[in-house]
Amino acid sequence: MTTTHPTSALLTIGQLAERSALSLKALRLYDELGLLPPARVDPASGYRYYDTGQLDRARLIGLLRQVRMPLADIGALLADRDPERLRAWWRGEAEDHRQREGVVRYLLTELDGAERPAIPVLTRHVPDEKVATTSAHVLQPDLPRYIPEAIGRLRAHLEACGATARDIDWTVYHSSSTTDSAGLVEVCVPFSGTIQPTTEVTVRVEPAHHEAYARITKGEVRAPHIMFAFDAVAAWVAEHGHTRTLDPREVYFADWVAVDESTPAVDIAFPFEPAGGDGATALADRADAAGAGPSAALAGTEVAP
């Protein structure tokens with residue numbers, strides 16, 4: 001960028017670095033990215049010169065980097081200077097911190113050998129079910145965004161085809177998702193009627209199965225409690241000698257927007273083949289043995305372990 005300002009009225013890159021507390025390396029990078037281009041570049045020497053009015057922009061960039069806002073987000077914020085953009089980004093950062101803090105609490109429980117929370121595990125029999133599904137490899141931090149978006153796409157497709165979706169959904173974890181490794185995730189919506197499959201939407205029958213599950217509230221669908229719930233159900237299946245069959249899943253049966261943090265909303269479920277033959281099968285199939293069956297939205301019956 002060139003300007004008619006005389007060089008004596010401008011700041012050298014060194015002066016701007018000193019006044020803004022930004023390094024020369026950072027200022028060169030911000031120039032390359034278009035975040036803070038100099039007001040003038042000497043055509044002979046290549047020296048960068050900045051207008052004094054750019055000092056505030058430089059300081060703003062420095063403060064945003066201090067709170068670790070990514071450069072792409074900084075560019076968007078500088079373009080419109082919308083404070084809601086900063087608020088929305090910070091809400092996401094706060095939620096991410098809370099999630100990481102929960103994982104740390106889980107790890108400390110492991111390392112300290114501390115007592116885990118008591119999480120009841122129940123069982124039910126689930127009949128076969130026709131489902132519309134969509135699958136993707138998703139990183140763990142992206143799951144809270146991917147899952148509701150996928151459910152929305154599936155339900156919109158069902159409605160467009162004239163099919164009737166049931167008022168539950170579930171996510172099957174075919175492989176583990178971490179921050180560094182994307183796991184295969186399948187989102188399912190059971191329905192009645194007929195739909196046209198697409199490149200993204202497939203139709204299959206979820207086979208009938210027995211299921212061990214732990215019911216958690218909306219507020220517990222984050223670390224560490226959800227991690228303890230997965231551990232509790234997996235341990236229950238192993239301790240009772242059952243064989244895990246289908247992959248573990250989260251079953252959603254509440255209106256996520258309408259319910260509060262204390263309302264039961266999700267079942268952490270592990271399909272299994274009962275040990276012990278017909279006796280165990282009869283136990284898992286016995287209706288209302290616990291006295292408080294699952295949500296009416298959920299098929300099957302419930303028994304205490």
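Some ground rules come first. This is a predicted model, in which local features need pLDDT of at least 70, side-chain atom pairs count only at pLDDT 80 or more, and totals for chains, interfaces and linings use all residues. Residues are numbered from 1 along each chain as its sequence is written, and side-chain values use heavy atoms, with hydrogens and water left out.

Start with the whole chain. It holds eight helices and 13 strands. Helices (H or I, at least four residues) and strands (E, at least two) are DSSP runs, numbered from the N terminus. Of the 305 residues, 38% count as buried. Buried means under 20% relative accessible area, exposed over 50%, and partly exposed in between (1.4 Å probe, protein chains only). Contact means heavy atoms within 4.5 Å. Among the contacts in the chain with a separation of 6 or more, 68% are accounted for by residues 24 or more positions apart.

Now go to helix H1, residues 13-20. Its buried residues include Ile13, Leu16, Ala17 and Ser20. They cover an arc of only 100° around the axis, and therefore sit on the same side of H1. The arc is that of the directions from the helix axis to the C-beta atoms. An α-helix has 3.6 residues a turn, so residues three or four places apart point the same way. What do the buried residues of H1 pack against? Their partners are strand E1 (11-12), helix H2 (24-32), strand E3 (48-50) and H3. Just after H1 comes Ala21, with a positive phi of about 65°.

Move along to the loop between H3 and H4. Arg68 is placed there. Arg68 is not a glycine, yet its phi is positive, about 70°. Is Arg68 buried or exposed? Arg68 counts as exposed because its relative accessibility is 70%.

Helix H4 (residues 71-80) comes next. Its buried residues are Ile74, Leu77 and Leu78. They lie on the same side of H4, because they cover an arc of only 100° around the axis. On the other side of H4, Ala72 and Ala79 are exposed. The cover over the buried residues of H4 includes helix H3 (55-66) and H5.

Arg81 has a positive phi of about 50° although it is not a glycine. Its relative accessibility is 57%, so Arg81 counts as exposed.

How do H4 and H5 pack? Their angle is about 155°, and their axes are 9 Å apart. Axes are lines fitted to C-alpha atoms, for helices over the stretch in contact, and angles run from 0 to 180 degrees between N-to-C directions. H4 and H5 are therefore roughly antiparallel to each other. The cut-offs are these: angles under 35 degrees count as roughly parallel, over 145 as roughly antiparallel, 65 to 115 as roughly perpendicular and the rest as oblique. Asp73, Ala76, Leu77 and Asp80 in H4 meet Arg85, Leu86 and Trp89 in H5. By class, this contact has four nonpolar, no polar and three charged residues. Ala, Val, Leu, Ile, Met, Phe, Trp, Tyr, Cys and Pro count as nonpolar, Asp, Glu, Lys and Arg as charged, and the others, Gly among them, as polar.

Stay in H5 (residues 83-112) for Glu93. Glu93 counts as partly exposed, because its relative accessibility is 30%. Its C-alpha atom is separated by 9.2 Å from that of Met69, 24 residues apart along the chain.

Further on, look at the loop between strand E10 (209-217) and helix H7 (225-239), which holds Pro224. The peptide bond from Ala223 to Pro224 is cis, with omega near 5°.

Tyr252 is found in strand E12 (residues 249-252). At 14% relative accessibility, Tyr252 counts as buried. Leaving aside neighbours within four places in sequence, Tyr252 is in contact with residues including Ile147, Asp167, Trp170, Tyr173 and Val266. The C-alpha atoms of Tyr252 and Lys218 are separated by 9.9 Å, and the two are 34 residues apart along the chain.

Last, the cysteines. A disulfide is a covalent bond between the sulfur atoms of two cysteines. The test is a pair of cysteine sulfur atoms within 2.5 Å. A search of the whole structure finds zero disulfides. Cys188 is buried, with a relative accessible area of 0%, whereas Cys161 counts as partly exposed at 30%.
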